[in-house]
Structure formats: C-alpha cells, structure tokens
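Trainee: I would like to go through this structure one feature at a time. Please show it first.

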Amino acid sequence: MVFLIHHIRKIVYASAFLWGLFLYCFVSFTIGSQQLQLIRLTEYFALTAISLLYIAVLASPLYSAFPRLPYKPIYIRSRRSIGLSAFSFALIHASLAFFGLLGGFQGLAYLDASYLKAITFSFTALVILTCMAATSFDIMVKKLGTRWKLLHRLVYIAAVLITFHALLLGTHFANLSQTIPKIFFALLSLLLFLESLRFDKFLREKFNFAPTFGLSSLLVIGLLVYSSFYFRSSSGETSSTSLGAHAQHVQIAQQSAQQQSSPLPNLPGLTGDRNKRFTVSLTTSENPTPEEPVTMHFKVYDASTGNPVTVFLRPYQEAYHLIIVDQKLGYFSHLHPQQKNGEFVITTTLPVESTYHLYSDFQPLGAIDQQIATSLTLGDKTNDKPNLTPDKNLTKTFGDYSVTLTSPTPLSASKMSVGQQKLKFTVKDAKSGQPVTDIKPYLGAFGHLVMINSKTYDYLHVHPTSTTPPPPNANGGPDIEFIPIGIYGPFKEGVYQAYFQFNHSGKINLATFVVNVEK
C-alpha cells in the first residue's frame, strides 16, 4: 500500500500515456482514411478527457459522503495526476478539432453563433485547465499555500463549460436518448447528489443546522427526478430530444415548411432527413499558383459516424456543385467535380493570388441538400476585403442582356429565412429591349442563384420557385423567380453579392447584383 501511494502519480501518467498510444495505434491500424482517423481521435480524446476530469472531481464529494470507503489515500493523492492527464487529452482534442477539422482561425469565419458560443465555452475551460495544470506541481502548491485550493475550485466552472460545449457540439450528444448521453447524465446526477450531501454537511457544521437531510439534497433530488421523467418521455417520442448546435436550425426549416401565409414548394433539395450532417475534406496539389492547373479532391463524411459517403442524389443533374469566389467576391466559378474512387475530383485554374472560398453543395442519399465551406489560399494577397455598395439601379447590362432584379423593399433576413420573400430576375435583349423568352434549362432549372455575404462569406444557394425540372428543350423567361430558405439557420443581415446564372444562346451567362439585407 505504501509503495502504491508513493508511486501512484507515476502510474497514472504512464497509464494515460499508454492509453493515448493505444487509441492512436487502434485508429491508425483499423481506419484507412486520414480524415476519418482525425475525426475518431478527436472524439476518443474528448471522451477520455471528460472521463478523467470526472474521476478527478468525484474524489472529494465521494469520500465526504462515504468516509469509510477504502483506498482513500491512493485516490486523493492521484487526483492531481488524473487532472493533468485530463488536461493533456483535452489539449490534444482541442488541437485536433481546431486545426485539423476546423482548419484553424480561417475556419471561424464560417461558423454560426451556436458554434462560436460552444468554442468560446471550450476555450475558456481550456484556459482554466491550463492554469490548474501549471499549478499542479508540488513547488507551485507550496508557493500558493491556501490560495492553491481556491484556484483549483475553478475546476467546477471548467466542468460546467465543458458540459455546455459537449451539449452544443458533441457528436454523441446530438441525440440525448442514446447510450453515451444517458451514461453522462447518470454520472452527472451522482456527482450533483454527492456534492449536495457535502454542502449540507458544511451547512450543519458551519451554522449548526438541525436537519440531518438538507434542503440542497432535496432540491437536487427533485431536479434529478424531473430530469429523469423528462428524458424518459423524450426518448419515447419519434423525434428524439436534441440539444445539438443544429437543433435551432432544423426547427427554423420545419417552421418554414409549415408557413400558412406563404406555403413553400416541395423543393428537391429539402427531401430527406434534416438532422443528418456531413463534413468535407479538401486536398490539392502542393503550392498551387495562379493561372496554373490545380486539382482538388473532395471527400464527404457522415459527421455523426465519420464514415465516408459515396451515394448522392442529383436534384439538379449533378451530384456535386462547387462554387468558388475570391476574397473580393469579384471572381465567380460554378464547377462540377466528378466522382472517382469514393471522392470528387476537379481540375481548374484560379486567376490571381487570393484566399478562395470554396462552397460544396451536394445531397447525400437520405439527407437534405448540404452546403459546406472550405478555403484555399494562393500567394500572399489573402487580406483583400470586398468593398461593395448596394446597387441603386437594379437594371444592369451584362453583355447582350439587360437584367432587372425585382425584390421586396427592404429585403429582410428574418423573412427570407422562412421563405416569405422572393427575388425575381427579368432578362431582356440589351439592344432591342425585348423580353428573352427562350432561356434554356441549366442543371434542371431555368436559372441558378447564389448569394454571398460580403462580411461573413455566408453562402446561400437560393432555389428556384419552380420545383418541376423542365424538359431539355423547354423555353423559359423572361422572368425567373427564386425563394430563399434558411435550411440551416437564420440568414444574417448585411451586404450580399448575388450571382444569377442562366442559359441562353448556347452559353451560361452571369449577372451580378449587390443587395442589402436588413434584419
């Protein structure tokens, strides 16, 4: 026993190292895809970090409630090493998720408020754990004296922040009726109950309270009973309870489909499970340069499982739509990578040095339309920002065509999000002023519209109101209408660059407008 007490910290460190090595080797040897390996390691290190942190926090309330439990000296002495191990796994998890999956600081521009809030929670928790790790050595404990315990009580704040982060972003917490969330809440309930017993004991000793079973314990038990009934009733429903980051987004899309004042059409891209989410990995040739061919490889993965996805629908004739714009939003390209050996591949050239924003638009079998952003930097001119002013004249000439944009005034982000506002483009001959009535179908529609926020680079693929694909030889025009829908969440206000494409005279024509969208 003495030997174990003396060496328990070394044993914990060695065990943590071997466990991390085992996870790495297991993932490396059992999973072939590097992207999937990254996803799995991120998940496993997160679960390990939370588990170790829980074990470290549990020690004090457990032995306070049950002082006669065995192995108390060993457990109490090992707490610091367990906490340091939890910090190590949390740091690895954060690094893999932020720099590996998110793509570093550039990826922050593509996150909505829910994701940014979740990342803020986790970053704050990581800062707290870093401070605790730096003061967990004996020399720091001696220097801090009684202040050391006060500092390390911040672990409870870190634990709360980590819980919120997991509920908002954790893959395993997208459905609270699954096994891992049930275990998580059961263990959390145990910890809260033990802490309430310890708090009641403190009150009795400090203030000589008469009740042997304190008020805080009753409150916690009541909360736990209510929660158990809540989650039991939720798990029995067809639609499972979810506190994931996309829960609000799904609700908005569902509200859109149920609008009485403005019924939405049955758009092809909205047929499928709206809860499914996906990730995309991008690889290119080394050091791509302007005006030189660059080959891009895109792989799609199921975000909940990390499994590669290879079966896609073609609601607009192509399985994969790739939209590329430069940092100033002056360059626009609409491409269609082709599927080869489980990935989508395209070779193209990019004109100038810039950070290019790449928007992947696809629909996996069984899911709704997915819109995922990545970026690719060429050269050093990466900080050029667009300087766009909303167009006052909404009739503009583009080559042989005069195009007029008609929309409600003002455009409202909240109304657009739920399909209550439409945008109409009218195409005429620039010389004669006659309406163009022989616009041909392009990708299963008479026109396509993309809108990009000039500040946040949010991407909107705006669907045409006509849901029935026209025959290849059909004629359309001069009016082509589009209906914005907030599939993944409310639209943001701001200045948008709108790219309208239509097929006439055997070529794809592009008309661009700058519009302002208010709240």
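Trainee: In which loop is P410 found?

Mentor: This is a predicted model, where local features need pLDDT of at least 70, side-chain atom pairs count only at pLDDT 80 or more, and totals for chains, interfaces and linings use all residues. Residues are numbered from 1 along each chain as its sequence is written, and side-chain values use heavy atoms, with hydrogens and water left out. Helices (H or I, at least four residues) and strands (E, at least two) are DSSP runs, numbered from the N terminus. A cis peptide bond joins T409 and P410, with omega about -5°, and the place of P410 is the loop between β10 (401-406) and β11 (411-412).

Trainee: What is omega of the cis peptide bond that joins G477 and P478?

Mentor: P478 lies in the loop between β14 and β15. The cis peptide bond joins P478 to G477, and its omega is about 5°.

Trainee: Is Y457 buried or exposed?

Mentor: Phi of Y457 is near 65°, a positive value in a residue other than glycine, and Y457 sits in the loop between β13 and β14. Buried means under 20% relative accessible area, exposed over 50%, and partly exposed in between, with a 1.4 Å probe and protein chains only. Y457 has 3% relative accessibility, so Y457 counts as buried.

Trainee: What about Y71, is it buried or exposed?

Mentor: Y71 also has a positive phi near 65° and is not glycine. Its place is in the loop between α2 and α3. At 54% relative accessibility, Y71 counts as exposed.

Trainee: Which residue in β6 is the bridge partner of F298?

Mentor: Two strands pair if DSSP finds at least two bridges between them. Strand β2 (residues 294-302) and β6 pair in the antiparallel sense over five bridges. Strand β6 (residues 343-348) is mostly covered, with five of its six residues buried. In β6, the partner of F298 is F344.

Trainee: Which residue takes a positive phi in the hairpin of β5 and β6?

Mentor: Strand β5 (residues 338-340) and β6 pair in the antiparallel sense over three bridges, and K340 has E343 in β6 as its bridge partner. The hairpin has two residues between the strands, and the one with a positive phi, near 55°, is N341.

Trainee: How is the pair of F98 and F99 classed?

Mentor: Rings of Phe, Tyr and Trp (its six-membered ring) pair if their centres lie within 6.5 Å; planes under 30 degrees apart count as stacked, over 60 as edge-to-face and the rest as tilted. By this rule the count comes to 22 aromatic pairs. For F98 and F99, the centres are 5.0 Å apart and the planes are at 90°, and the class is edge-to-face.

Trainee: How many residues apart in sequence are the parts that F482 and F500 tie together?

Mentor: The rings of F482 and F500 have their centres 5.9 Å apart and their planes at 80°, so this pair is edge-to-face. F482 lies in strand β15 (residues 479-483) and F500 in strand β16, so the parts tied together are apart in sequence by 18 residues.

Trainee: Which residue lies over the face of F513?

Mentor: F513 belongs to one aromatic cluster with F398, Y401, F425, F482, F500 and F502. A charge sits over a ring if NZ of Lys or CZ of Arg is within 6 Å of the ring centre and within 35 degrees of the ring normal. At 5.1 Å from the ring centre of F513, the residue over its face is K396.

Trainee: What volume does the largest cavity have?

Mentor: On a 1 Å grid over the protein atoms alone, a cavity is a set of points where a 1.4 Å probe fits but cannot get out, and a pocket is an open set with protein on both sides within 12 Å along at least five of seven lines; lining residues have an atom within 4 Å of a point. Grid points are joined across faces, edges and corners, and a volume is the space filled by probe spheres set on the points. The whole structure has three cavities of 30 Å³ or more. The volume of the largest cavity is about 70 Å³.

Trainee: Which strand gives the largest share of the lining of that cavity?

Mentor: The lining includes H321, D361 and Y459. Strands β3 (320-325), β4 (332-335), β13 (448-453), β14 (459-464) and β16 (494-504) each supply at least two of its residues. The largest share, three residues, comes from β13.

Trainee: Which helix gives the largest share of the lining of the second largest pocket?

Mentor: The second largest pocket has a volume of about 940 Å³. It is lined by 29 residues, of which S60, R79, H152, R153 and Y156 lie nearest its centre. Helices that each supply at least two lining residues include α2 (34-65), α3 (72-101) and α8 (179-207). The largest share, eight residues, comes from α3.
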